[in-house]
Amino acid sequence: MKKFLEYLKPYTKESILGPIGKLCEATLELIVPLVIASIIDNGISKGDTTHTVSMVALLILLGVLGLGFSVLAQYFSAKAAVGFVTSARHSLYSHIQTLSYSDLDRLGTSNMIALMTNDTSRVQSGINLALRLLLRSPFVVFGSMIMAFTIDAEAGGVFAITIPLLAIVIFGIMFITTPMHKRVQSGVDKILKRTRANLSGVRVIRAFGNEERELEFFTKENSVLTSEQKRTGRVSSLLNPLTYVIINLGVILLIYVGAIKVDTGTLTQGEVVALYNYTAQILVELIKLANMIISISKALASWSRIASVFEIKSSQVFGERVIGEGGECAIEFRGVSLKYAQSSDNSLENLNFKVLRGQTVGIIGGTGSGKTSLANLIPRFYDATEGEIVLDGIPVSNYSKEALAIKIGVVPQKATLISGTVRENLLFGSETTDDELWHALAIAQADGFIAEKGGLDIKVEAGGENFSGGQRQRLTIARALVRNPEILILDDCASALDFATDAALRSALKSASENTTTLIISQRAASVMNADNILVLDDGKIANTGTHDELLQSSVIYREIYESQFKGGSV
Amino acid sequence: MKKGNKKSTVSRVLGYIGKHKYLLPVSFFLAFIYTFVSLAIPYFIGEAIDCIVGVGSVDFEKISGILLLCILLTALAAISSFFVSVINNRIAYSVTRDMRAEAFKKIQKLPLAYIDTTSHGDTVNRIINDTDRFSEGLLLGFTQVFTGILTIFGTLLFMFMLSWQIAIVVVVLTPLSIFIAKFIGSKTYSMFIKRSEDEAEAAAFISEMVENQKLIRAFNKEESSKERFFGIGKRLEKSTLNAIFLSSLTNPTTRFVNSIVYAAVVLVGAILIISGDPMGAVLTIGEFSILLSYTNQYTKPFNEISGIIAEFQGALASAARVFDLIEQENESEDGTIVIQNADGEVLLKDVSFSYSDDKPLIDALNLSVSRGERIAIVGPTGCGKTTLINLLMRFYDAKSGQISLDGHELRSLTRHSLRSCYGMVLQDTWLTAGSVKDNIAFGKPDATDEEIVNAAKSAHAHSFIKRLEHGYDTILGEGGDGLSAGQKQLICIARIMLTSPNMLILDEATSSIDTRTEMKIQSVFAQIMTGRTSFIVAHRLSTVREADLILVMRDGKIIETGKHEQLLSRGGFYSQLYNSQFAH
């Protein structure tokens, strides 16, 4: 809530003037029945045409003023709502930029996108509505009642009974139907899932001849949904008739009370008409209020989702160190374990190893053996839960974020490009000459197809859809090389390359960057077999280390992997 | 939508409502009662007000009578309006249910060609959302239009009865407010276009950047990403403010026009009462006040109707989309012969097939497979290896030529019995939402627990299932969330082990499974293939070598057939493929 007020603060003027404009408009509306009463009692009854005409002129003036106030109110409310949401969205975006990988994992991509688009727009319409109506509707309702009391206490009493009754019915029905609507929605979700599964699994369903059974399931779920909808509909159907009865009985009571009062001379006919006119406004405004409460509660729910993201403070604090101490050891893992927030077991357990400067080290293992987890610890995408990672003699946590980004080039497993040009993708915010870019492309074996397609300025579509998987992988490798990193991590990023290209890539990397420390992560024995050292990972632990020839002798797992690929195995 | 289509859509819609044809007139009748009674009540209230003239001159007897009548009328109106709404809900929801059911039934009958080539999201949308939009827009909208028009005519009638002069003032002036609403609508249209463009740009940017948030983080590019976003955000702010503010002008301005109409009615009414009607009719104060309340509500249905008409068209378009699905052609006709325990002799004679006429795929393919033989299909990714599987399972029909199983032409067999002869394991594993047990028993829902466990054991899935939190009762999410790719594959194998078919169709594991896991699955495959006629989309050297026949596919065509050694010595595409893919 504090955050909420903070974002509204720049729009204090608008957030106050908006509701005030609406209140002025409502006040004018409340005056109208009084003017009509005066026309009836003073103009018509006494045959006074000039009074009538001047009162009609007053009605028009009220209309013009009402228009003016309401236009101002709409403008201020819209400005405050849109401004609020824009700054909230911007700081949400900025906040997400500060989050660590594990924070991002916890939030989830689709959730973050929904927060930035759907939730913010729901908050926007909620604020807009609240500024315009939250004060206006109760004001009109209670204003009508107060006006009625000023005309006659007993007539006001009729209002004092009618209004709570109406409120009970409207909010009561809303209260009962809200959970019912949720049940309907979950019913819809169920048949939606079934339909989607029946399309994606059509071959399996037909292969097993299960069409009839699926249809039975669907029919059952569909009928449950329908009866749920009908039940909800029946309750909602009570709203109109019940409020109608209450308001009409109120009117009838009012006319009866009015008749007695006029007969004894405490009320005039015009005042009875005025009282009658007030009843009409109550119902409309109460229903508006009920609808508004629904959208405002949705907006509040959206806001609390947004606010909960703001509460996540990045789980990482970076140091200030820009360069390391040097020495011959580029990377060292000291008793490192990693446990992801969502999982119960360690993903990596007690890793100890050293990588010397300029070495090429291969990391091999099956899916889920922890290869990528290991790689992610080096640039501090995740923090080790135990132990320490040391780069150039300095623990990673002492480096600044910029220093790590410059020092380490990562080619992630998933080759993603961003829409724009090839140049933009390669530079990705940094600056360098075209020659350097072509040099990087050449090492990554990507210069050929880029030149063929038309050079550095050709377009990259969202996700790099206009390149093949192998081409995308080579571009992401080039992107990492452009920055000339001291440490290069290739995370299974050559899986879509054919054997020859993969080999050419590895030899180009080796000759181009003598001083670069390279980590090659792969499932292919062929990709790591020429490395200076190979770590064999199994279930989060280092099973064996050694060169290819050593491991063939010493490691059962390595031998199995090798044989599965080279002797009767596939790629 | 084409014009001719629209008419037939309407008549098809009426077909669905037809089941409720007794309810529909009842609903209309009740709506009619509700509208007129609710308009009559103010009329009587006006009369009552006329009885309240001044001190000592109130006609209590008449007032009591009128008010009693009003109570009865209120009850009548309330009851009718409740039942109108209940009946309409009933019709709308039943029609939606029926349409959905029919559309879903259609999925089970559609040719695979339709399902493979249309987006699943689109079909789901038709079955779930379009049916909803249709029932809400068309049926509920229809009754709203009906009562709206009734209200307009009823109000006019009562107004003319009370004072024709005032009625004319209202009739002439109210179109102004409708005109203004339209005018603002058309002026703000371009603002809304601009805003949705900006919104789309922001949404695209957000989703691309958030999806790549880790990349941005890895390259330390947070600041430049923020800058770009703020630029888009500022533009969106401006266009949103324009659109929201300008469109929100509709209400105040129409309210203003209505207050002008109101003032005009007051003026004319007051003058009529004061000066007396030249035509002789007398307007009373009660009637005057009722005319004012009629004036207030007269314009409401106009604004509502114009909104409803837009929804109406949307609903018709939705209905047309649903009907378009329902009226797709079904799969070709089913055969009649039921085949059981097939020996597994498959014969293809001059079989030709293509997905589209301009791209022939399989041309005059001849193939003879004896019982227990192993057929491997190899070729580069995307060469159409699954086409043959599609033909064997009769997911697609061959364009020409004959395919037979145990001497029966496939078309003469029932699809159900043909398909039950095969056990199929595809590379993208499909699991249904439910327990592990449900998934294994997918092809044999009445299987005993013992049978299920045995099937899992023979698929080598038992040991990992046992270790799951709830064992065989562990609930798997949609798509088998929570299991590794290899485990899912093993469950799919257990699924076919339970039905124990005589023939197998296997699509070997993909790169998503690491080679060691794949080897384990492979050994399970090898075990279950013994004695069964098997068609394997092969990725592995061992399968290819040991196959009785290899079909080499390229660009959708079978270009070479033969045994491993024959093909290798031929030095054609297979030997190229073999050398690049399998040999290092």
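Start at B:Ser500, which comes directly after helix H18 of chain B and has a positive phi, near 45°. This is a predicted model, in which local features need pLDDT of at least 70, side-chain atom pairs count only at pLDDT 80 or more, and totals for chains, interfaces and linings use all residues. Residues are numbered from 1 along each chain as its sequence is written, while chains are lettered from A and ligands numbered from 1 in the order in which they are written.

Back to the helix itself. H18(B) covers residues 485-499, which is 15 residues. From first C-alpha to last it reaches 22 Å, close to the 21 Å expected at 1.5 Å a residue; the expected span is 1.5 Å times one less than the number of residues. Helices here are DSSP runs of H or I with at least four residues, strands are runs of E with at least two, and both are numbered from the N terminus.

Is H18(B) largely enclosed or largely open? It is largely enclosed by the rest of the structure, because 13 of its 15 residues are buried. Buried means that 20 or more other C-beta atoms lie within 10 Å of the residue's own; exposed means 12 or fewer, partly exposed is in between, and the C-beta atoms are placed from the backbone.

Staying with chain B, there is an open sheet of 4 strands in the order E2-E1-E4-E5, with antiparallel pairing. Strand E2 (362-369) and strand E5 (408-409) stand at the edges with a single partner strand each, so one side of each has no neighbour in the sheet. Two strands pair if DSSP finds at least two bridges between them. Strand E4, residues 400-405, is joined to E5(B) by 2 bridges.

Now chain B as a whole. Its secondary structure comes to 22 helices and 12 strands. Of its 584 residues, 43% are buried. The radius of gyration is 36 Å, whereas a compact globule of 584 residues would be near 25 Å. That radius is taken over C-alpha atoms, and the globule rule is 2.2 Å times the number of residues to the power 0.38. Along the principal axes, the C-alpha atoms fill a box of roughly 120 × 65 × 55 Å.

Next, chain A. Here there are 21 helices and 12 strands, and 46% of the 571 residues count as buried. The C-alpha trace of chain A spans about 115 × 60 × 50 Å along its principal axes.

A:Gln445 is buried, since 25 other C-beta atoms lie within 10 Å. Beyond its neighbours within four places in sequence, A:Gln445 is in contact with A:Arg474, A:Thr501, A:Ala504, A:Leu505 and A:Ala508. Contact means C-beta atoms, placed from the backbone, within 7 Å. A:Leu509 is 64 residues away from A:Gln445 in sequence, yet their C-alpha atoms are 9.9 Å apart.

Last, where the chains meet. How many residues of chain A are in contact with chain B? The count is 121 residues of chain A, against 117 residues of chain B. Helix H3 (residues 49-98) gives the most to chain A's side, with 23 residues. That side divides into 58 nonpolar, 47 polar and 16 charged residues. Nonpolar covers Ala, Val, Leu, Ile, Met, Phe, Trp, Tyr, Cys and Pro; charged covers Asp, Glu, Lys and Arg; the others, Gly among them, are polar.

Note on methods. Contact = placed C-beta atoms within 7 Å.
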